[in-house]
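Here are a few exercises to work through with the model open beside you. Try each task before you read its solution.

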Amino acid sequence: MSDKQSRQFRPLPVPNVELAGLFGARQDAICNSTAATLLDRCVEAGMIQAIDVSQPSPGIVIPLQTWSGSTQMFWDSDLGKSIETIAYSLYRRPNAELEARADAIIDMYEKLQQEDGYLNAWFQRVQPGRRWTNLRDHHELYCAGHLIEAAVAYYQATGKRKLLDIMSRFADYMITVFGQGEGQLRGYCGHEEVELALVKLGRVTGETKYLDLAKYFIDERGQEPHFFTEEALRDGRDPKNFVQKTYEYSQSHLPVREQTKVVGHAVRAMYLYSGMADIATEYNDDTLTAALETLWDDLTTKQMYVTGGIGPAASNEGFTDYYDLPNESAYAETCASVGLVFWANRMLGRGPNRRYADIMEVALYNGAMAGLSQDGKTFFYENPLESAGKHHRWTWHHCPCCPPNIARLLASVGSYMYAAADNEIAVHLYGESKARVPLAAGVTVQLSQTTRYPWDGAIRFEVNPDSAAKFALSLRIPEWAEGATLAINGAPVDLTAITVDGYARIEREWQAGDSVDLTLPLIPRTLFANPKVRQDAGRAALMRGPLVYCVETTDNGHDLSGISLSSDPASAKTTEIAALEGAVALDVSVTRDEADWGSDLYRTTPPKRAASTARFVPYHLWDNRDPGEMLVWIRADQLQRGA
């Protein structure tokens with residue numbers, strides 16, 4: 001066990017993975033439109049003028065709110081995520097014009113940076129006297145984190161160091177500002193993010209001082225005397241008078257190792273746990289891992305939608321009570337599912353485990369990927385599981401965090417598919433791809449996946465080390481994949497004998513030309529919610545593989561609530577939908593309420609039912625065709641009576 005606990009798996013850099021298939025198509029949409037669209041809309045919002053010292057400061061463009069701040073304070077983060085998206089898109093498809101635009105923005109940041117290393121458009125050009133005075137609300141370190149992630153991505157994609165050097169200087173300055181030494185601030189950000197960014201910076205530069213700063217921010221969070229209280233008093237503010245009036249909102253109510261319940265703002269929580277998991281991996285910190293395992297169970301058994309959406313409430317963009325999962329009013333912010341993918345992926349840093357990777361896959365395909373339209377031009381902020389026909393993607397937002405967040409995730413998704421330790425390759429996600437994996441002792445493995453997953457469950461791996469080498473290849477066997485089979489060079493293998501924590505672990509001497517065939521049966525299945533989830537009582541959801549399915553008006557007409565499942569969907573007919581890029585739809589036997597009700601609002605006899613067929617499509621693709629109603633949870637009283 002100790003060997004396993006000391007293993008350190010790190011994701012492959014984005015340039016090491018080439019994608020085709022479904023993820024490749026998403027990346028092509030990002031290259032074709034999203035990357036430039038993000039930049040165009042940042043320009044339209046005024047973000048470039050805000051950092052351009054050759055122009056007058058734009059001042060306050062978005063008015064101050066009750067929390068004494070403005071979403072304009074986050075503009076650096078929006079530009080950072082957009083540059084990160086551009087970086088990944090440039091690796092897939094060189095684009096001289098887009099690269100020149102990014103370079104110009106980076107040049108502006110270089111000119112904006114102060115001599116001491118500080119960099120923040122708002123606190124240099126709009127409120128220059130307010131630097132480091134309200135970390136609780138004003139997102140300074142959060143903005144720095146997103147620019148750091150952009151710097152790492154841009155360096156990896158283009159080899160250009162300018163932004164990396166700029167952000168390293170800022171991080172070096174942060175090391176002097178924050179800490180327990182005399183004259184230092186014993187603080188941390190109200191919106192976590194810088195922690196995971198500093199880990200990326202430490203990994204790419206080889207500088208452990210950045211990891212140490214990330215660890216400091218995590219260790220300091222929630223300690224008493226409380227930093228946010230002391231900060232408010234120093235600044236002449238009433239420490240009790242702020243928007244949410246609870247430190248649970250920013251997960252700073254307790255030291256992180258003492259937290260057992262997932263609370264507060266969903267995106268902040270996910271970013272904190274991601275940083276904690278990174279530090280647990282880098283420092284082999286079992287105390288952080290133990291806290292994270294408790295929090296993981298709390299989230300995934302009591303507070304998560306079937307889509308991997310999290311945070312049901314708009315009021316705090318976050319969590320409410322256990323089992324409170326309304327469908328039509330679900331907030332389930334795209335950024336929160338993106339954050340859950342981040343966290344799950346980092347929980348795999350200490351070794352492959354299906355309990356994390358299965359959720360990562362569900363959150364990626366459903367809760368997150370729904371946030372971007374097929375053409376890459378429009379976005380969801382909230383992701384309800386039911387719509388009466390008025391919820392649609394939009395072009396931009398006054399707080400445009402979600403568009404670049406889902407774009408950067410999908411543009412970098414190859415690094416979530418594969419991870420490597422010294423002598424082991426873990427495959428967490430399946431999809432047509434080629435990966436270049438460096439292992440210990442100088443061996444590099446070319447690993448290719450040939451598959452139509454998630455539409456088809458046949459997956460072939462070709463394993464080509466540059467010299468014969470002994471290492472382990474670990475392949476996730478999803479919990480839903482009953483009847484999965486595995487063969488090595490055509491010879492069947494007993495999965496039960498080699499499966500560890502839900503992964504088939506194949507340890508052997510590998511030769512160039514070796515192949516592995518994995519088959520995951522994609523049998524449609526019904527899921528029922530815990531009876532405590534009152535909104536889903538008497539209803540069921542359909543899944544096929546990792547995909548949640550829904551019904552839409554465009555396939556089924558109006559009044560979707562009149563549909564009731566009448567048989568096990570395992571035998572549903574599958575159909576490829578050309579308008580949805582060949583996505584597999586399910587045609588399922590149902591009954592429907594007949595439209596013979598008349599004008600009465602209520603009556604003593606129930607509606608008549610007739611046998612019918614309903615077409616279900618993948619949830620992440622809804623609202624890409626004709627607008628209309630949508631429903632994930634379908635009446636299933638007949639199925640439940642039959643049981």
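Trp67 is buried, and so is Phe74 (buried means under 20% relative accessible area, exposed over 50%, partly exposed in between, with a 1.4 Å probe and protein chains only). Keep in mind that this is a predicted model, where local features need pLDDT of at least 70, side-chain atom pairs count only at pLDDT 80 or more, and totals for chains, interfaces and linings use all residues. Residues are numbered from 1 along each chain as its sequence is written, and side-chain values use heavy atoms, with hydrogens and water left out.

**Exercise 1.** Work out which kind of aromatic pair Trp67 and Phe74 form.

*Solution.* Start with the rule: rings of Phe, Tyr and Trp (its six-membered ring) pair if their centres lie within 6.5 Å; planes under 30 degrees apart count as stacked, over 60 as edge-to-face and the rest as tilted. The count by this rule comes to 27 aromatic pairs. For Trp67 and Phe74, the centres are 6.0 Å apart and the planes make an angle of 15°, so the pair is stacked.

**Exercise 2.** Find what sits over the ring of Tyr322, and what lies over the face of Trp510.

*Solution.* The test asks for NZ of Lys or CZ of Arg within 6 Å of the ring centre and within 35 degrees of the ring normal. Over Tyr322 you'll find the charged end of Lys261, 4.6 Å from the ring centre. Over Trp510 it's Arg508, at 4.9 Å from the ring centre.

**Exercise 3.** Describe the surroundings of Glu386.

*Solution.* (Helices, H or I, need at least four residues and strands, E, at least two; both are DSSP runs numbered from the N terminus.) Next, list contacts, meaning heavy atoms within 4.5 Å. Leaving out residues up to four places away in sequence, Glu386 touches Asn327, Glu328, Arg539, Met630 and Leu631.
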